[in-house]
Amino acid sequence: MRIALALGAGGARGYAHIAVVEELTARGHEIVAVSGASMGALVGATVVTGHLAELKEFALGVKPTNLVRLLGPTIPAGGLASASGAMDELRRVIGDIRIEDCPIPYTAVASDIVSQEEVWITTGPIVDAVRASIAIPVVFTPASRNGRWLLDGGCTNPLPIEPLSKVEADLIVAVSLQEPPRTPPTSNDMVKLDLASAAILATDALLSSLQRARAVTTPPDVLIGIPCDLVRFLDMHRAAFAIDAGREIVIKALDEAGL
């Protein structure tokens, strides 16, 4: 089947997107369009440029000691980090290709920090589009594009299905990274909760609420739900686990959908 794929926001849980693409293609389906927010935009960029395997290889090699270089810490200027290292690696993997030159239509979703509008990026350098879409508030500095300051696409649309509405496809498959946790937190977990963890949990709660509200008007044909406790938001060194655990969920979802 011809599949239009919406890849959601959710930090390191987005490694599960790799398993989704691998399973769909292994079953003979063709991905004909991709839209993504935040980590979904990053993974989606490697899908439409044909470099998913290289991203996977890189991700599997990320260690906790690599994270500082990838984040690119800054003197506070709208965010704690610039993501410069991560963008350098992405550019190394996929090159300087422009979105309009990709063989598969692609949309990266970002959010205008001033107007609070959702922004669909469908032209220009694809690495720049990803940088705008992953600009998690406070964590990463905003991205400048055409006179606008842009933040993470998840702030306005954590699961961007709408950009795929006019694509000629048999099905729209959406991958949510904001599904309920497999194991609800206990009182002991709450006692150990630090400021960073609390902020991330609050962000997940907001993204989940926004995603549910939007899904009412634009439901996908198939929804693959990744639980929000698969890995922690910033556990970028846990790609192997996220891909493998995500694959189990993906296989079950695709089997149930008859795909």
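The accessible surface of the protein chain, in this predicted model, comes to about 11,900 Å², and carbon and sulfur atoms contribute 59% of that area. Such areas come from the Shrake-Rupley method with a 1.4 Å probe, and for residues only the protein chains shown count as cover. Because the model is predicted, local features need pLDDT of at least 70 and side-chain atom pairs count only at pLDDT 80 or more, while totals for chains, interfaces and linings use all residues. Residues are numbered from 1 along each chain as its sequence is written, and side-chain values use heavy atoms, with hydrogens and water left out.

The protein chain has 9 helices and 10 strands; helices (H or I, at least four residues) and strands (E, at least two) are DSSP runs, numbered from the N terminus. Of its 259 residues, 50% count as buried. Here buried means under 20% relative accessible area, exposed means over 50%, and partly exposed lies in between (1.4 Å probe, protein chains only). Among contacts in the protein chain with a separation of 6 or more, 76% are between residues 24 or more positions apart, a contact being heavy atoms within 4.5 Å.

Next comes the interior. In soluble globular proteins, nonpolar side chains tend to be buried together. A nonpolar core is a set of buried Ala, Val, Leu, Ile, Met, Phe, Trp, Tyr and Cys residues joined through side-chain atoms within 4.5 Å. The largest one in this model has 60 residues, and those with the most contacts inside it are Leu 5, Tyr 15, Tyr 106, Ile 121, Ile 126 and Ile 224. Apart from this core lies another, of 8 residues, including Ala 4, Leu 159, Ile 161 and Leu 164. Beyond its neighbours within four places in sequence, Tyr 106 touches residues including Ala 41, Gly 44, Ala 45 and Val 48. Just after H2, Gly 50 takes a positive phi of about 80 degrees.

On the outside, Ile 113, Val 114 and Trp 149 form a nonpolar surface patch with about 330 Å² of accessible area together. Patches are made of residues with over 30% relative accessible area and no salt bridge; like charges are joined within 9 Å, and nonpolar side chains (Val, Leu, Ile, Met, Phe, Trp, Tyr) within 5 Å. Val 114 sits in the loop between strand E4 (106–112) and strand E5 (118–121), and it counts as exposed because its relative accessibility is 67%.

Charged side chains also pair up. The model holds 13 salt bridges, each a side-chain nitrogen of Lys or Arg within 4 Å of a carboxyl oxygen of Asp or Glu. In one of them, Arg 247 meets Glu 22 at 2.5 Å, N to O. This pair links distant parts of the chain, with Arg 247 in helix H9 (residues 239–256) and Glu 22 in helix H1 (residues 16–26), 225 residues apart. Another salt bridge joins Arg 91 to Asp 128, whose closest N and O atoms are 3.8 Å apart. Arg 91 lies in helix H5 (residues 84–94) and Asp 128 in helix H6 (residues 126–133), 37 residues apart.

Finally, a search of the whole structure finds 0 disulfides, where a disulfide is a pair of cysteine sulfur atoms within 2.5 Å. Cys 155 is partly exposed at 39% relative accessible area, and Cys 228 is partly exposed at 21%.
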